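Open the model in your viewer and keep the selection panel at hand. The stops below say what to pick next and what is there.

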Amino acid sequence: MLNEIVHIGITVSDMERSISFYRDILGLEYKGELMMEGPETDILFRLSGCKVRVAYLNGSSELFAPPVELIQFLAPRSETGHSDLHKTSISELCFHCEDIDKLYQHLKEHHVECLSEPQSFDFTRYGFGKSRAIYFKDPDGIILEAIQDTDE
């Protein structure tokens, strides 16, 4: 029935700020945007008078993944929530990286909130190998993860 992930949608409060973060700090490539409104949009989002700005950022030459779809509700405005790893929801969007320490320093230099320093894990007894991981937040507080394989 399903055969691929087409994109990963994230509702944001400020499109320009979010595009800048995902493009300029994380290195995703901006692909363009569109505006959604009209009866079909109202029905899809179950809102009346819905107007939604949508931008797409894709992997670069160094990132192979479905595009990130940034969604900003212009009318009605979206509610601001609080991202929490301990709540039932999608907990994070995870990116692979080659050098997590370099990424961590890059995030800190750009004043990105990190939940900890990179941590090392050994899941070889479960068949998953060794890795280092870090959680950090986008400008809306949405939790993101970066992971580096360390099986060498």
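Select Glu 29 and Lys 31 first. Their side chains meet in a salt bridge, with N to O at 3.2 Å. Glu 29 is partly exposed at 37% relative accessibility. Lys 31 is partly exposed too, with a relative accessible area of 48%. Keep in mind that this is a predicted model.

**The four-stranded sheet**

Now show the strands as a cartoon. Four of them form an open sheet, ordered β1-β4-β3-β2, with mixed pairing. Which strands are at the edges? They are β1 (8-11) and β2 (29-37), and each pairs on one side only. On average, neighbouring strands of this sheet are turned by 25° against each other, direction ignored.

Zoom to β2 and β3. They run antiparallel and are joined by eight bridges. Pick Glu 33 here: Ala 55 in β3 stands opposite.

Select Arg 53 and Glu 16. A salt bridge joins their side chains, 2.4 Å from N to O. Arg 53 belongs to strand β3 (residues 51-58) and Glu 16 to helix α1 (residues 15-25), so this pair ties together parts that are 37 residues apart in sequence. Glu 16 is partly exposed, with a relative accessible area of 48%.

Glu 16, Glu 33 and Arg 53 are linked in a network of salt bridges. How many salt bridges does a search of the whole structure find? It finds seven.

**A loop tied to β7**

Move to Glu 113 and Lys 137. They form a salt bridge, and the closest N and O atoms are 3.9 Å apart. The cut-off for such a pair is 4 Å. Glu 113 lies in the loop between α3 (100-109) and β6 (119-122), while Lys 137 is in strand β7 (residues 130-137), so the pair ties together parts that are 24 residues apart in sequence. Glu 113 is partly exposed at 47% relative accessibility. Lys 137 is buried, with a relative accessible area of 16%.

Stay on β7 and colour by accessibility. The strand is mostly covered: six of its eight residues are buried.

**The partners of β7**

Show β6 beside β7. The two pair in the antiparallel sense over four bridges. One place to look is Phe 121, whose bridge partner in β7 is Ser 131.

Then bring in β8 (residues 143-149). Seven bridges join β7 to this strand, and the two run antiparallel. Click Ala 133 to find its bridge partner in β8, Ile 147. Follow the chain into the hairpin of β7 and β8, which has five residues between the strands. There, Gly 141 takes a positive phi near 85°.

Where is Phe 128? Phe 128 lies in the loop between β6 and β7. At 68% relative accessibility, Phe 128 counts as exposed.

How values were computed:
Residues numbered from 1 in each chain as written. Predicted model: local features only at pLDDT ≥ 70, side-chain atom pairs only at ≥ 80, totals over all residues. Heavy atoms only, no water. Buried < 20%, exposed > 50% of the residue type's maximum accessible area, 1.4 Å probe, protein only. Pairing = 2+ DSSP bridges. Axes fitted to C-alpha atoms, helices over the stretch in contact; angles between N-to-C directions.
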